[in-house]
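Let's take a walk through a protein model together, one piece at a time. Have a look at the picture first, and then we'll start with a single residue.

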Amino acid sequence: FFSKSMAFTIMDQNRDGFIDKNDLRDTFAALGRLNVQNEELEAMVKEAPGPINFTVFLTMFGEKLKGTDPEETILHAFKIFDVEGKGFLKADFIKEKLMTQADRFSEEEIKQMFTAFPPDVRGNLDYKNLCYVITHGEEKD
């Protein structure tokens, strides 16, 4: 659902195939954090053994997530958009993001997802249940 290549593409703001300090600054700005210190960005970039291309990113991503629950990781990706902490997001919002960002979903893929995980009558998608199903393969009662 929220693939590592999607995360890389979102962070590679200038689309040059590498994540650098400016890409990180722009990513933070897109998430609403405008006052990131230069030192903080430099420290992040220095964690990599060299230029951060997709392969290096995957390795770093894997190391950061080692021992973490995949359900929590996916939940965290959704929580970024759920600023009010409601536990659901508007289906239209999810559809727009999935069809316009990184590994773009087709109309058919969106239809399949909403068939498997239909929004409620108000058009809200329960992403906590969705994350559970993605990682465990069955719905919570």
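In which helix is F28 found? F28 sits in helix α2, which covers residues 21-30. Helices here are DSSP runs of H or I with at least four residues, strands are runs of E with at least two, and both are numbered from the N terminus. Keep in mind that this is a predicted model, where local features need pLDDT of at least 70, side-chain atom pairs count only at pLDDT 80 or more, and totals for chains, interfaces and linings use all residues. Residues are numbered from 1 along each chain as its sequence is written, and side-chain values use heavy atoms, with hydrogens and water left out.

Is F28 buried or exposed? F28 counts as buried because its relative accessibility is 19%. Buried means under 20% relative accessible area, exposed means over 50%, and partly exposed lies in between, using a 1.4 Å probe and protein chains only. If we skip the neighbours within four places in sequence, F28 is in contact (heavy atoms within 4.5 Å) with R33, V36, L41 and M44. Take L41: it comes 13 residues away from F28 along the chain, and the two C-alpha atoms are separated by 10.0 Å.

Now zoom out. The chain has eight helices and two strands, and from the N terminus they run α-α-α-α-α-β-α-α-β-α. Out of 141 residues, 28% count as buried.

Next stop: helix α6, residues 91-100, whose buried residues are A91, I94 and L98. They cover an arc of only 60° around the axis, which puts them on the same side of α6; the arc is that of the directions from the helix axis to the C-beta atoms. Here's the handy rule behind this: an α-helix has 3.6 residues a turn, so residues three or four places apart point the same way.

Helix α7 (residues 107-116) has its own buried set, I110, M113 and F114. Their arc is only 95° around the axis, which puts them on the same side of α7. On the other side of α7, K111 and T115 are exposed. The buried residues of α7 pack against α6 and against β2 (124-126).

So how do α6 and α7 meet? Their axes come within 10 Å and cross at roughly 145°, where axes are lines fitted to C-alpha atoms over the stretch in contact and angles run from 0 to 180 degrees between N-to-C directions. The contact is made by A91, I94, K95, L98 and M99 of α6 together with E107, I110, M113 and F114 of α7.
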